[in-house]
Amino acid sequence: MDAIELLKRYQAGETDFRGENLCGADLHGADLIGADLTGTDLRGANLVLAYLNRANLSKANLVGTRLSGANLSQADLINAKLRDADLHGAILYGADLRGADITLAILLDANLISADLRSVNLGSANLRGACLRGANLRYEKRCYDGANLRGVDLRNADLRGANLNGADLTKADLRRANLTETSLREANLTEATLTGAILQGSFLTDANLTEANLSQAILINAKLERANLTEATLKEVNLSDANLTAAILSKVNLTQAVMQRARFNRADLSRAILHKADLTEATLIEAYLGRADLRNANLSNANLAKAELSSANLMGAVLHGATLPDGTIAE
């Protein structure tokens with residue numbers, strides 16, 4: 001079937017085009033709203049600015065297909081092959097992409113608001129400036145694997161309220177991304193770049209942030225219980241009111257970080273660099289600070305009850321009103 005025949009049949013009221021061969025077809029700007037294209041071969045086709053709202057493209061082969069500016073809102077793309085596809089500026093609002101292969105695809109400025117991306121493979125895809133507000137990428141035991149976002153480009157992306165529980169974001173580029181109230185429980189962010197990212201109120205419980213770069217990131221009121229931040233870089237980060245109970249922060253760099261009222265109870269801060277950090281009113285009960293660098297840090301009114309500070313460097317640190325490990329109050 002060629003593009004002309006397809007459009008004629010569609011205009012005549014036919015919508016069932018399952019399994020058809022439309023490889024390389026020119027369907028630029030075509031109106032195929034609600035069409036059933038299940039299992040269709042659309043490799044290398046031109047669907048730029050096409051209307052595919054609520055179309056069924058499950059198991060369709062869209063490898064290398066041009067879909068820039070196309071409207072795929074509420075489309076069914078379950079297990080679709082979108083490798084190397086160009087979806088620049090495409091509208092995928094509420095689309096179902098469960099199990100889709102979107103590796104190496106271009107999704108610059110794409111609209112993925114409320115899209116279902118469970119078990120999707122977005123490895124090395126370009127999502128710079130994309131909007132994923134409320135998107136679902138969560139891991140579900142025995143049902144869906146966490147989304148594969150290894151090495152993905154999400155610079156300046158809008159991920160507010162997205163569900164990324166269990167997602168693999170190893171070495172992902174999330175510079176200046178908006179992750180406000182995003183759920184990243186048990187997510188793998190090893191060596192990820194999050195400089196300048198907004199993570200206010202985000203959920204990072206049990207997340208792996210080993211060697212991640214979070215310099216100048218905003219983590220106000222973030223939940224980081226039991227998170228692993230070993231050797232991560234958090235220079236000038238804002239962790240005010242954040243919860244880092246039992247978190248692993250060994251060898252982390254928190255130079256000039258703002259951590260007012262943050263909770264570090266039972267946290268491992270061994271060999272952490274806290275030079276000039278602001279820990280005013282922070283809670284560090286039973287925290288381990290073996291050989292931590294706290295030079296010129298502000299610990300005014302902090303609670304250090306039962307904390308291990310015997311080998312920490314406190315030269316120039318301000319401890320006015322702080323509760324010391326033995327329970328006494330510093331003058």
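# Notebook: one chain, looked up piece by piece

**Cysteines.** I looked for disulfides, meaning pairs of cysteine sulfur atoms within 2.5 Å, and the structure holds zero of them. A disulfide is a covalent bond between the sulfur atoms of two cysteines. Before going on, I noted that this is a predicted model, in which local features need pLDDT of at least 70 and side-chain atom pairs count only at pLDDT 80 or more, while totals for chains, interfaces and linings use all residues. Residues are numbered from 1 along each chain as its sequence is written, and side-chain values use heavy atoms, with hydrogens and water left out.

C23 is partly exposed at 43%, whereas C131 is buried at 14%.

**The whole chain.** Along the principal axes, the C-alpha atoms fill a box of roughly 85 × 30 × 25 Å. The chain has 331 residues, and 53% of them are buried. For the surface, I used accessible areas from the Shrake-Rupley method with a 1.4 Å probe, where for residues only the protein chains shown count as cover; the chain exposes about 13700 Å², and carbon and sulfur atoms supply 43% of that area.

I also looked up contacts, which are heavy atoms within 4.5 Å. Among the contacts with a separation of 6 or more, 7% are between residues 24 or more positions apart.

**Helix 1.** Which residues of helix 1 are buried? I found A3, L6 and Y10, and they lie on the same side of helix 1 because they cover an arc of only 65° around the axis, the arc being that of the directions from the helix axis to the C-beta atoms. On the other side of helix 1, I4, K8 and Q11 are exposed. An α-helix has 3.6 residues a turn, so residues three or four places apart point the same way. Just after helix 1, G13 takes a positive phi of about 110°.

**The core.** A nonpolar core is a set of buried Ala, Val, Leu, Ile, Met, Phe, Trp, Tyr and Cys residues joined through side-chain atoms within 4.5 Å. The largest one has 115 residues, and L77, L97, L219 and L289 touch the most other members.

S68 is buried, with a relative accessible area of 19%, and, apart from its neighbours within four places in sequence, it is in contact with V48, L49, D86, L87 and H88.

**Salt bridges.** Side chains of opposite charge can pair when their charged atoms come close. I counted a salt bridge where a side-chain nitrogen of Lys or Arg is within 4 Å of a carboxyl oxygen of Asp or Glu, and the structure holds 18.

- D116 forms a salt bridge with R118, with the closest N and O atoms 2.6 Å apart; D116 is buried at 14% relative accessibility, and R118 is buried at 12%.
- R150 forms a salt bridge with D168, with the closest N and O atoms 3.0 Å apart, and this pair links distant parts of the chain, 18 residues apart. R150 is partly exposed, with a relative accessible area of 42%.
- D153 and R155 meet through their side chains in a salt bridge of 2.7 Å, N to O, and salt bridges that share partners join R128, D153, R155, D173 and R175 into one network. D153 is buried at 11%.

**Backbone angles.** Most residues other than glycine have a negative phi, and most peptide bonds are trans. Against that background I noted L104, which is not a glycine and has a positive phi of about 65°; L104 is partly exposed at 38%. K251, also not a glycine, has a positive phi of about 60°, and K251 is partly exposed at 45% relative accessibility.

How values were computed:
Buried < 20%, exposed > 50% of the residue type's maximum accessible area, 1.4 Å probe, protein only. Helix = DSSP H or I, 4+ residues; strand = E, 2+ residues; numbered from the N terminus.
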